[in-house]
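Have a look at the picture and keep it beside you as you read.

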Amino acid sequence: MLTKEFLSEKLSAGFPELKFEFSEFRDEITVKLSKSFIVTVCDYLKNTEGLQFNYLEDITAIDWARKKERFEVVYILFSIDLKQRLKVKVGVEEKDAKVDSVSVIWKAANWFERETYDMYGITFNDHPDLRRMYMPEEFQHHPLRKDYPLMGHPGDLSLPQK
Amino acid sequence: MGLEAKLQTDGFITTTIDAMVSWARKSAVWPMPMGISCCGIELMAVGGAKYDIARFGSEVMRFTPRQCDLMIVAGTVTYKMSHVVRKIYDQMPDPKWVIAMGVCTSTGGMYRSYPVVQGIDQFLPVDIYLAGCPPRPDNLLNALMMIQEKIGKTRARDFQDAPLTETN
């Protein structure tokens with residue numbers, strides 16, 4: 001099973017100058033890092049012996065509303081070969097809500113990032129096709145943000161004429 | 001006196017065109033199965049052998065709106081889907097009727113949130129609101145009988161000016 005010590009050792013061997021925060025909850029490890037290194041770290045996590053996170057289960061985000069770093073983008077990784085799971089988180093500020101796309105590493109990231117963009121308004125740099133996933137193209141808001149009301153604003157979404 | 005006995009003694013019956021046309025109309029209501037989510041499963045059960053919608057002359061579920069008289073909207077209608085539902089409704093020839101099956105289509109139901117239309121009567125004329133989440137198959141048959149009753153009260157000339165199809 002993946003341990004915090006092993007992961008920390010591996011990551012500091014690959015990136016001696018980078019700072020990682022580790023946390024553990026119910027035997028699942030989360031690592032937090034700066035968003036500017038997400039692509040290189042993900043590449044390392046996928047292609048290093050002993051880690052081999054070759055399956056991207058999901059990408060989503062959290063809106064913390066009041067924190068300085070308002071959003072957190074979460075990557076849930078799984079290694080099919082070693083049967084271990086890892087969550088990777090990066091903090092994103094509201095003013096600069098941009099993260100580099102990891103779709104070059106895992107193709108599955110394409111639609112996950114589109115979904116995250118649709119729901120939270122976080123844009124992904126160098127994404128091949130960043131369109132909305134669920135909401136209509138002309139929709140102006142990002143509904144899973146905490147400041148979007150539950151019932152929406154009247155007239156946000158169009159209805160056919162009666 | 002039953003119809004057969006009348007025919008045996010007299011050999012003919014008298015009726016009105018209105019009564020005959022509405023009887024023909026209500027005895028063969030062809031539904032458009034707009035099964036969008038879980039209510040669609042109950043709708044399929046009604047079509048199956050146990051509940052057997054064929055007893056009411058409605059077994060011919062047409063998957064083209066151009067041959068339908070009754071639209072059974074079975075399932076949650078989102079704003080995105082509402083345009084599709086309306087487009088299919090518009091393609092049905094007059095006269096036509098609509099059953100809002102289940103609470104989602106009637107009022108939005110438990111989906112009180114931004115993407116779900118809070119009642120399809122915001123964009124469709126609805127004849128029967130059918131409660132339940134989902135409604136039992138016999139409940140849907142009851143709704144169909146209510147539609148038949150409604151059709152039975154129509155007169156042939158009610159629809160003489162109706163266009164064959166509406167286009168939007």
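Strand 4 (residues 71-79) and strand 5 (residues 84-92) of chain A run antiparallel, and nine bridges join them. Keep in mind as you explore that this is a predicted model. One pair to look for is I76(A), whose bridge partner in strand 5 of chain A is K87(A).

**The sheet in chain A**

- Strands of a sheet pair through backbone hydrogen bonds, and they can do so in a parallel or an antiparallel way.
- In chain A, five strands form an open sheet with the order 1-2-5-4-3, and the pairing is mixed.
- Strand 1 (21-25) and strand 3 (55-63) of chain A are the edge strands, each pairing on one side only.
- From one strand to the next, the twist averages 20 degrees.

**Chain A as a whole**

- Chain A has three helices and seven strands.
- Starting at the N terminus, its elements follow the pattern α-β-β-α-β-β-β-β-α-β.
- Along the principal axes, the C-alpha atoms of chain A fill a box of roughly 60 × 30 × 30 Å.
- Chain A has 162 residues, of which 24% count as buried.
- Of the contacts in chain A between residues at least 6 apart in sequence, 48% join residues at least 24 apart.

**Helix 3 of chain B**

- Which residues of helix 3 (residues 39-47) of chain B are buried? They are C39(B), E42(B), L43(B) and V46(B).
- These residues lie on the same side of helix 3 of chain B because they cover an arc of only 105 degrees around the axis.
- An α-helix has 3.6 residues a turn, so residues three or four places apart point the same way.
- The buried residues of helix 3 of chain B pack against strand 1 (31-35), strand 2 (70-74), strand 3 (97-101) and helix 6 (137-152) of chain B.

**The nonpolar cores**

- The largest nonpolar core has 36 residues, and those touching the most other members are L70(B), M71(B), I72(B), V73(B), I99(B), M101(B) and I147(B).
- Several elements of chain B each supply at least two residues of this core, including helix 3, helix 4 (79-91) and strand 4 (128-130).
- Apart from this core lies another, of 28 residues, among them I38(A), F71(A), V99(A) and F112(A).
- Leaving aside neighbours within four places in sequence, V73(B) is in contact with residues including M34(B), V85(B), T105(B) and I120(B).

**Where the chains meet**

- Eleven residues of chain B are in contact with ten residues of chain A.
- On the chain B side, the touching residues divide into four nonpolar, five polar and two charged.

How values were computed
Residues are numbered from 1 along each chain as its sequence is written. Chains are lettered from A and ligands numbered from 1 in the order in which they are written. This is a predicted model: local features need pLDDT of at least 70, side-chain atom pairs count only at pLDDT 80 or more; totals for chains, interfaces and linings use all residues. Two strands pair if DSSP finds at least two bridges between them. Helices (H or I, at least four residues) and strands (E, at least two) are DSSP runs, numbered from the N terminus. Axes are lines fitted to C-alpha atoms, for helices over the stretch in contact, and angles run from 0 to 180 degrees between N-to-C directions. Two residues are in contact if their C-beta atoms, placed from the backbone, lie within 7 Å. Ala, Val, Leu, Ile, Met, Phe, Trp, Tyr, Cys and Pro count as nonpolar, Asp, Glu, Lys and Arg as charged, and the others, Gly among them, as polar. A residue is buried if 20 or more other C-beta atoms lie within 10 Å of its own, exposed if 12 or fewer, and partly exposed in between; C-beta atoms are placed from the backbone. The arc is that of the directions from the helix axis to the C-beta atoms. A nonpolar core is a set of buried Ala, Val, Leu, Ile, Met, Phe, Trp, Tyr and Cys residues joined through C-beta atoms within 7 Å.
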